[in-house]
2 protein chains.
Amino acid sequence: MKDETRRLNILRISGTGAAKERDLVVRETPVTIFLNDFDLVTLLCSPKDLGYLAVGFLSSEGLINGKEDIKSIFADKKDGAVWVETVGGKKLRENILAKRFITTGCGKGPSFIDSAKFRKGLKADSGFKMQANQIARSMKEFQSRSLTYRETGGVHSAGLASPDGIVYFNEDIGRHNAIDKVLGECVLKGTKSDNLVMITSGRVSSDILIKAARARIPIVISKSAPTDLAVRLARDLGITLVGFARGSRMNVYSNEWRISAKPPAK
Amino acid sequence: MKDETRRLNILRISGTGAAKERDLVVRETPVTIFLNDFDLVTLLCSPKDLGYLAVGFLSSEGLINGKEDIKSIFADKKDGAVWVETVGGKKLRENILAKRFITTGCGKGPSFIDSAKFRKGLKADSGFKMQANQIARSMKEFQSRSLTYRETGGVHSAGLASPDGIVYFNEDIGRHNAIDKVLGECVLKGTKSDNLVMITSGRVSSDILIKAARARIPIVISKSAPTDLAVRLARDLGITLVGFARGSRMNVYSNEWRISAKPPAK
């Protein structure tokens with residue numbers, strides 16, 4: 001946890017008075033992703049697993065399709081930079097320049113959402129199913145692993161899980177970054193993700209759903225609430241969206257057929 | 001609340017079984033801000049107070065300095081677009097094109113953070129102070145006004161408050177948007193903000209601090225955690241940063257002199 005947190009002097013005020021104390025605060029650092037020497041984006045994130053972050057981001061943005069597209073990765077934590085070189089780098093660079101012009105700023109979602117091509121190409125066709133009690137168990141494991149959150153209250157967690165438990169787990173000050181980190185690790189380790197569920201501590205907006213769709217993930221589970229646009233996308237894309245997963249309770253917003261509320265008869 | 005929420009069919013699973021129900025979900029919509037007919041950015045947001053959102057965003061990004069810079073605003077909720085025309089529009093447009101190239105993507109912070117000019121120009125020099133019990137009272141009022149959150153769990157709240165109570169309040173699916181909406185309303189109504197406190201339900205990362213700094217707000221209060229970079233910026237910029245403000249308890253991370261823990265003697 002040493003890299004992700006920092007101890008600071010604070011003034012703690014309560015109903016009875018005030019006291020100077022030392023307290024743990026989560027770290028935040030700007031990290032720039034260079035793709036084939038091109039300054040692609042600067043993210044504000046937790047300074048850990050920057051290679052995973054870069055690969056997950058590129059993958060979520062549709063700029064790489066898998067491990068086979070990556071030639072090299074060099075992460076410099078001190079300078080806050082990650083250099084990714086891809087196979088066939090020059091052509092990609094031209095595509096990005098065109099793309100950047102359309103989707104600059106924080107509007108990464110809309111230009112894709114409206115595209116029929118996006119929806120058709122990313123339909124989750126996996127027959128993968130899960131039992132409600134397996135989801136409850138995954139959420140319990142997920143919560144127990146959120147160490148930095150328990151220390152600082154300042155991060156989001158994300159995980160990829162199979163019915164047997166959590167496969168990849170990460171934390172970051174940004175809910176998007178935490179998801180990109182687990183997706184990046186999954187890509188780099190060459191794990192198939194169409195039989196995994198994505199778990200997030202954060203709210204599920206449309207851009208989170210798009211990340212799941214690009215990774216071919218059939219089930220998205222959140223402790224928190226979804227938006228109506230995320231639900232609509234989930235329905236269109238064949239993804240099962242589960243919100244407010246707390247203990248044995250959960251709301252299923254789309255494609256309920258993937259979740260069985262009771263264990264199958266033996 | 002009608003515009004901000006939508007009722008959907010869901011499957012509610014609990015320990016004892018599953019039932020089909022109708023449930024409220026928060027709405028999310030892409031909104032594009034056009035500045036002098038230039039497609040500046042697309043934000044994913046709650047479809048309410050789009051004019052405030054646009055003006056707050058432009059103001060937070062340093063693209064306008066105040067109400068006097070705005071010639072006209074036209075918000076089209078149906079098409080998800082806001083057109084803002086400024087005084088001296090053409091020159092601004094050239095500046096943006098230069099700027100966009102540097103700070104594209106979600107990296108709105110870093111290019112400013114490292115700039116000595118930014119820090120020097122935005123130092124909060126207001127002598128404004130507040131008592132801890134006034135902060136506790138503001139937070140109580142703040143919580144009681146978060147209607148959409150209580151209905152859906154899916155939004156962040158932001159407010160601007162004086163020692164007497166909340167002056168501006170808004171909610172949005174994005175914590176940045178909620179803050180931009182209250183800042184935009186403040187700009188459009190011509191209210192001085194250097195004697196107001198900013199309240200947010202969300203975590204305080206460096207980009208939130210920059211929004212406060214640009215609006216000359218001397219105190220930032222959050223129910224949640226700050227990051228170390230936000231604390232460092234707050235210290236450099238002369239802003240008082242209060243986190244974990246819950247009931248009569250709160251942590252003061254910087255410039256404690258603005259907060260008195262006990263009411264002054266009479």
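Modeller: Happy to! This is a predicted model, in which local features need pLDDT of at least 70, side-chain atom pairs count only at pLDDT 80 or more, and totals for chains, interfaces and linings use all residues. Residues are numbered from 1 along each chain as its sequence is written, chains are lettered from A and ligands numbered from 1 in the order in which they are written, and side-chain values use heavy atoms, leaving out hydrogens and water.

Biologist: How many disulfides are there over all chains?

Modeller: A disulfide is a pair of cysteine sulfur atoms within 2.5 Å. The sulfur of Cys186(A) lies 20 Å from the closest cysteine sulfur, in Cys45(A), so that is too far for a bond. Over all chains, the number of disulfides is zero.

Biologist: Is Cys186(A) buried or exposed?

Modeller: Buried means under 20% relative accessible area and exposed over 50%, with partly exposed in between (1.4 Å probe, protein chains only). Cys186(A) has a relative accessible area of 3%, so it is buried.

Biologist: What is the relation between chain B and chain A?

Modeller: Copies are superposed by least squares on the C-alpha atoms of residues with pLDDT of at least 70 in both. A rotation of 180 degrees with 0.0 Å of shift along its axis places chain B on chain A, with an RMSD of 0.0 Å. That is therefore the relation of a two-fold axis.

Biologist: Which percentage of the contact residues of chain B recur in chain A?

Modeller: Contact means heavy atoms within 4.5 Å. The same surface serves both copies, and the share of chain B contact residues that recur in chain A is 100%.
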